[in-house]
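Reader: I have a model open and would like to go through it with you. Can we take it piece by piece?

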Amino acid sequence: MMRYQSHKQLPLAEFDWPFQAKLDENNRWVDLSKCIPWDELAEAYYRGLSKRRGRPTKDARLVIGAVINKHKLCLSDRETVVPQAICYPTDLSLLNEARVFSEQIIDILYPKTELKAKPRTHRVKARQAHLAIAKQKRPSGKASRRGIKQQLQYLCRNLGHIKRLMKHWPEGMPNPLPRWLMYRYWVIQHLYEQQWEIYRGKSCLCDDRIVSISQPYVRPIIRGKLTKPVEFGAKLSVSPAGEGVACVDHLRWDAFHEGQDLVSQVEAYRKRHGVYPGVVLDDPIYGTRDNRRYLKRHGIHFAGKPLGRPKKVTESNREELKRLKAPRREEYLQRIPIEGKFGQGKNGYRLNYIQAKRADTSVA
């Protein structure tokens with residue numbers, strides 16, 4: 001429930017304060033508050049909230065101001081809404097979580113029907129079967145596959161019960177399930193189909209694979225890092241816009257090849273500044289033949305290694321190769337600011353631990 005009044009505040013000089021004291025009108029936070037369009041931000045903040053349902057919200061100015069202070073002072077924020085804060089997913093844990101949700105759905109639907117016998121879910125045996133595998137430090141592949149098959153069978157049975165119970169509410173009629181649980185019901189059906197195909201095909205490959213029931217938009221992204229071979233979150237394409245500002249040109253939940261974004265990023269630079277850049281400083285992954293032809297066509301220098309096999313170093317060309325390598329290294333070192341922006345975002349703004357539960361709030 002929303003309650004909001006426009007913040008056309010009284011001047012600070014009229015602010016009543018005991019002990020003959022008053023706020024400093026030249027304080028940096030006071031100057032900042034004068035520059036912020038509070039009413040416009042409050043309108044955007046309340047747009048996704050209900051006017052009548054739910055508990056009364058905190059004042060929009062309080063919430064927005066706290067977020068601004070957090071980012072300016074690089075404070076931690078444990079409750080904020082780019083890896084997502086999800087448990088590391090395994091097929092067994094996802095199926096067990098889906099089974100628990102299916103049991104909750106049955107518990108809500110059955111009392112609303114005229115059935116005399118509650119559908120059997122065998123939830124105690126199902127939980128014991130899950131724990132028998134989950135508690136093992138390194139379960140064998142055979143044991144894991146057996147546990148996955150058991151959870152698939154329990155989940156399949158529960159989904160069949162739910163389908164029969166849902167017939168008491170024909171399509172178009174409201175059912176007693178809360179909205180969040182109805183959303184989980186839709187997700188676990190897709191999860192079951194994916195996991196069954198993976199189990200039957202004995203393969204780990206699956207398009208749009210669900211790794212979180214509460215956040216089904218999150219996708220696994222193979223990074224190849226030593227400590228984190230797989231990350232779960234949004235993938236960004238970022239470029240500097242000058243004066244220490246970095247712009248996010250692309251944000252996608254599905255994995256994509258960064259090299260295909262060079263053209264759109266250069267065009268975004270031209271749209272922001274009115275001209276094409278003189279030099280493009282990028283990773284070698286951007287140095288494809290198509291990208292090089294595009295840059296050459298627009299008179300843009302690509303600061304990267306030339307194509308082809310490197311020349312063999314000999315006594316006669318050693319100094320010449322060293323001289324040609326020096327400017328490339330200097331150009332590459334100019335990429336340090338954008339790499340620093342990733343570090344600032346992850347360490348200062350906690351972009352390495354996004355705790356939002358919805359795709360739109362995670363993007364924000």
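Author: What follows is a short walk through the fold, the cores, the surface and the charged pairs.

Reader: What kind of model is it, and how are residues numbered?

Author: This is a predicted model, in which local features need pLDDT of at least 70, side-chain atom pairs count only at pLDDT 80 or more, and totals for chains, interfaces and linings use all residues. Residues are numbered from 1 along each chain as its sequence is written, and side-chain values use heavy atoms, with hydrogens and water left out.

Reader: How many helices and strands are there?

Author: The protein has twelve helices and six strands. Both are DSSP runs numbered from the N terminus: helices are H or I with at least four residues, strands are E with at least two.

Reader: How much of it counts as buried?

Author: Of the 364 residues, 32% are buried. Buried means under 20% relative accessible area, exposed means over 50%, and partly exposed is in between, using a 1.4 Å probe and protein chains only.

Reader: Which residues touch the most other members in the largest nonpolar core?

Author: They are Ile105, Leu109, Leu159, Ile162, Ile188 and Ile213, in a core of 28 residues. Helix 4, helix 6 (141-166) and helix 7 (179-201) each give two or more residues to this core. A second, separate core has eight residues, among them Val280, Tyr286, Tyr294 and Phe302. A nonpolar core is a set of buried Ala, Val, Leu, Ile, Met, Phe, Trp, Tyr and Cys residues joined through side-chain atoms within 4.5 Å.

Reader: What does Leu109 touch?

Author: Leaving out residues up to four places away in sequence, Leu109 touches Ile162, Leu165, Met166, Trp169, Pro176 and Leu177. Contact here means heavy atoms within 4.5 Å.

Reader: And Gln265, buried or exposed?

Author: Gln265 counts as buried because its relative accessibility is 11%. It sits in helix 8 (residues 262-273). Beyond its neighbours within four places in sequence, Gln265 contacts Ser237, Val238, Ser239, Asp249 and Tyr286. Tyr286 is also one of the residues of the second core.

Reader: Back to helix 4. Where is Asp91, and what does it touch?

Author: Asp91 is in helix 4 (residues 91-109). Not counting residues up to four places away in sequence, Asp91 touches Ile148, Gln195 and Arg209. With Gln195 there is a side-chain polar contact of 3.3 Å. A polar contact is a pair of N or O atoms within 3.5 Å; within protein, one must be able to donate a hydrogen and the other to accept it, and residues adjacent in sequence count only if both atoms are side-chain atoms.

Reader: Now charges. How many salt bridges does the whole structure have?

Author: A search finds nine. A salt bridge is a side-chain nitrogen of Lys or Arg within 4 Å of a carboxyl oxygen of Asp or Glu.

Reader: Which residue pairs with Glu197?

Author: Arg200 does, with the closest N and O atoms 2.8 Å apart. Glu197 is partly exposed at 43%, while Arg200 is exposed at 51%.

Reader: What about helix 10?

Author: Glu320 and Arg323 both lie in helix 10, three residues apart, and their side chains form a salt bridge of 2.5 Å, N to O. Arg318, also found in helix 10 (residues 318-333), has a salt bridge of 3.3 Å with Glu315. Glu315 counts as exposed because its relative accessibility is 66%.

Reader: Which residues are linked in a network of salt bridges?

Author: Asp107, Lys118 and Arg123 are.
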